[in-house]
Amino acid sequence: MTATMTDAPPPAAPKAAGAPQRSGRSWGQVLLLIAGALLLLAAIRMITGSQDLDSAGQVSAAVGLAVPIGLAGLAGLWSERAGVVNIGLEGMMILGTFGAGWVGWQSSPWLGLLAGIGFGVLGGLLHAVATVTFGVDHIVSGVAINLLALGATQYLAKLFFAGGAAADAGGNPKQSPPVAALPDVTVPGLSDGLHSIENHHWFLVSDLAGIIGGLVTHLSVVTVLAAVLFVGSWWILWRTPFGLRLRSCGENPTAAESLGVNVYSYKYAAVAVSGGLAGLGGAFLALVTSHTYLEGQTGGRGYIGLAAMIFGNWRPGGLAMGAGLFGYSDALQLRNGGTTVHALLLVLVVLLVLMAGWKLYRTSLWQGGISLVVAALVLVWYLFTDTVPSDFVGATPYVVTLLVLSLSAQRLRMPKADGMRYRKGQGK
């Protein structure tokens with residue numbers, strides 16, 4: 001890793017120009033969007049007969065796959081709100097999977113969970129030392145941590161799992177012995193009642209029953225913890241003096257220092273929390289998804305988490321929706337994905353037509369025309385096929401990632417000092 005050689009300070013703080021503008025959508029707009037999405041999904045289910053579009057099983061699988069992505073995105077949000085780009089999330093998740101598998105099989109899954117968080121914190125602190133203290137380029141440091149974490153865990157797995165008691169318990173150089181399961185939560189009575197309503201396949205009512213049923217049936221305690229962390233992160237970062245100071249370090253560290261904020265301390269705290277959250281996402285994969293550490297089990301979820309964070313405009317609510325969308329697309333390949341993805345082509349047609357109408361209304365004739373052409377091509381694909389090839393179904397999460405980022409790119413606003421080198425004393 002090489003340090004950045006320029007000593008130029010970050011841009012000066014912008015001057016105030018009246019009252020701050022409210023960003024994002026109101027609660028009423030969000031509720032209208034959710035209602036519209038539910039009505040569209042229910043209509044498509046009735047037209048296509050694809051009952052797995054919003055079944056309890058599909059929703060439950062989507063939630064399980066969304067949790068590690070969401071935790072990785074939340075980790076990136078903490079770091080980047082303090083001005084530190086964290087490309088090393090994938091490596092910190094890898095450290096979390098190994099820590100959870102290594103400690104979990106020897107003791108208990110609860111201690112494995114704590115170990116996964118601790119290993120992630122170590123990765124975050126290493127990133128903080130490189131970027132905050134020594135001024136190494138954030139991207140270079142993150143890539144180096146990804147490579148270091150991959151190599152270190154491969155070596156340690158061969159060292160600890162390939163022989164002795166670990167091998168006797170089922171371990172090998174690429175995986176740990178099985179770890180005991182963490183408890184899950186099911187709301188008694190409600191789950192069975194919702195399942196009965198879902199099986200009637202009523203318009204909208206059964207769709208709501210399936211979605212809610214998937215959210216109250218066999219939820220891992222780590223999933224509940226992740227939901228609490230999302231709410232807690234929003235409250236801490238946007239409703240407390242600590243969060244205000246931390247976000248000021250990502251917007252204008254020079255101005256923050258001039259007001260007495262210890263920028264280094266806040267950046268270190270944010271990146272350490274970022275590493276812990278990424279490690280928790282890795283521990284979820286090792287303890288909940290597979291009950292064992294497996295080499296390569298993160299599967300790029302750290303990068304998809306970053307995409308979800310960008311889709312969410314560096315805010316927890318949007319990030320949660322992005323993680324849910326990616327988790328849903330990932331779950332398609334587990335549950336009769338070909339026919340379900342084929343039904344979603346009709347959803348894509350409707351969304352493209354709506355976007356085309358909006359672009360034409362805004363006199364963006366070129367973009368509106370392209371959207372209509374693509375909508376027509378997708379409609380032809382839907383009408384002349386009955387299913388989607390399995391290879392395309394497997395690529396759905398990555399296609400969704402590219403589409404979402406391309407469609408949301410125009411409304412994004414990252415922290416102004418995100419990724420910039422900062423040196424103590426610039427505010428004096």
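Which helices are included in what covers the buried residues of α7? The views below come from a predicted model.

**View 1. The buried face of helix α7, residues 190–198.** The cover over the buried residues of α7 includes α2 (56–81) and α8 (205–215). Buried in α7 are S191, L194 and E198. Seen down the helix axis, these buried residues of α7 fall within an arc of 70 degrees, so they line one face of the helix.

**View 2. Helix α12 from end to end, residues 263–289.** Helix α12 has 27 residues. From its first C-alpha to its last, α12 reaches 38 Å. That is close to the 39 Å expected at 1.5 Å a residue. Helix α12 is mostly covered, with 21 of its 27 residues buried. After α12 comes H291. The phi of H291 is positive, near 60 degrees.

View 3. L285 is found in helix α12. Is L285 buried or exposed? L285 has a relative accessible area of 3%. The cut-off for buried is under 20%, so L285 counts as buried. Leaving out residues up to four places away in sequence, L285 touches P68, M93, T97, S290, T292, Q297, T298 and R301.

**View 4. L285 and K174, separated in sequence and in space.** In sequence, L285 and K174 are 111 residues apart. In space, L285 and K174 are 15 Å apart, C-alpha to C-alpha.

Methods:
Residues are numbered from 1 along each chain as its sequence is written. This is a predicted model: local features need pLDDT of at least 70, side-chain atom pairs count only at pLDDT 80 or more; totals for chains, interfaces and linings use all residues. Side-chain values use heavy atoms; hydrogens and water are left out. Buried means under 20% relative accessible area, exposed over 50%, partly exposed in between (1.4 Å probe, protein chains only). Helices (H or I, at least four residues) and strands (E, at least two) are DSSP runs, numbered from the N terminus. The arc is that of the directions from the helix axis to the C-beta atoms. Contact means heavy atoms within 4.5 Å. The expected span of a helix is 1.5 Å times one less than its number of residues.
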